[in-house]
Amino acid sequence: MAKQGYADLSAGRLPHTGDSAEMIADRSAFLAAGHYAFIATALAEAASLTVDPPLTAAAPLADVPVEAAPSVVREMVLDAGTGTGDYLARVLDAAPAAVGLGLDVSKPALRRAARSHPRAAAVLTDLWRPLPVADAAASVIINVFAPRNGQEFRRVLRPDGRLLVVTPAADHLTELITAYGLLQVDPDKAGRVSESLDEHFTPAGSTTHRRMLTLTATEARTLIGMTPSARHVAPADLPTDAVTVTAAVNLTTYRPR
């Protein structure tokens, strides 16, 4: 266990290190301001519906006597690509009978994720490798703007579980992309997601969630800083005035095949 609170189960040298400390700091500040709360709410509602009643109707873990804890069947929410752990924490708030496990390759992210919720743990691992999770251990997997390992997701998900995937819609951050030359949403994003998951999962429904965000110049710079475009925009070219930005995502539920 690292002194920062997360477990290192990477099993050797990782080929990449994920998001930098600066990107994670920007993401934490932006999420704390509530700009993406609508995404967290949609995830929490979808996760609760997915495994209800066990996830929401069972006795909260805090109410379970210590001596009875070993016999309690705990639902697990796995956050693959957890980042700061904010989305996992929101799902766990809505699921008092569940515990959470966040996986990420970024050490700066995991330092925050390890403290994101009393019922959450954080693990350093590469999502492209075999996951350090037992077969059929998870009731729900959430995957927000993160890599998708279909084979491993299927292995660790219960046969009656659900995979919830959040991806950017075509017009996500379109105003910033146009004005500042940010990396565009892949036009074939839906096709690539399907290609990575279709062998192991069947789509069970998709919803689009969209908000218009009014951001100060500082918030707009923070938003750019938490994206891959942070490495491609010179500080002198960052926003200096308030902006209105479209935030739009697709939330798709998958059933295991």
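Student: What makes β3, helix α5 (residues 107–113) and β4 a right-handed β-α-β unit?

Tutor: With the strands pointing away from the viewer, a crossover is right-handed if the path from the first strand over the helix to the second runs clockwise, and the unit of β3, α5 and β4 is right-handed in this sense. The model is predicted, with local features needing pLDDT of at least 70 and side-chain atom pairs counted only at 80 or more, whereas totals for chains, interfaces and linings use all residues. Residues are numbered from 1 along each chain as its sequence is written, and side-chain values use heavy atoms, leaving out hydrogens and water. β2, helix α4 (residues 86–93) and β3 make a right-handed β-α-β unit as well, the elements being DSSP runs numbered from the N terminus (helices H or I, at least four residues; strands E, at least two).

Student: How do you know that β3 pairs with β2 and that bridges join β3 to β4?

Tutor: Pairing requires that DSSP find at least two bridges between two strands; β2 (residues 75–80) and β3 have six, in the parallel sense, with E75 opposite A98 in β3. Five bridges join β3 to β4 (residues 120–124), again with parallel strands, and here L103 stands opposite V123 in β4.

Student: Why is β3 called largely enclosed by the rest of the structure?

Tutor: Buried means under 20% relative accessible area (1.4 Å probe, protein chains only), and seven of the seven residues of β3 are buried, so the strand is largely enclosed. Both of its sides share in this: A98, G100, G102 and D104 point one way, V99, L101 and L103 the other way, and all are buried.

Methods
Buried means under 20% relative accessible area, exposed over 50%, partly exposed in between (1.4 Å probe, protein chains only).
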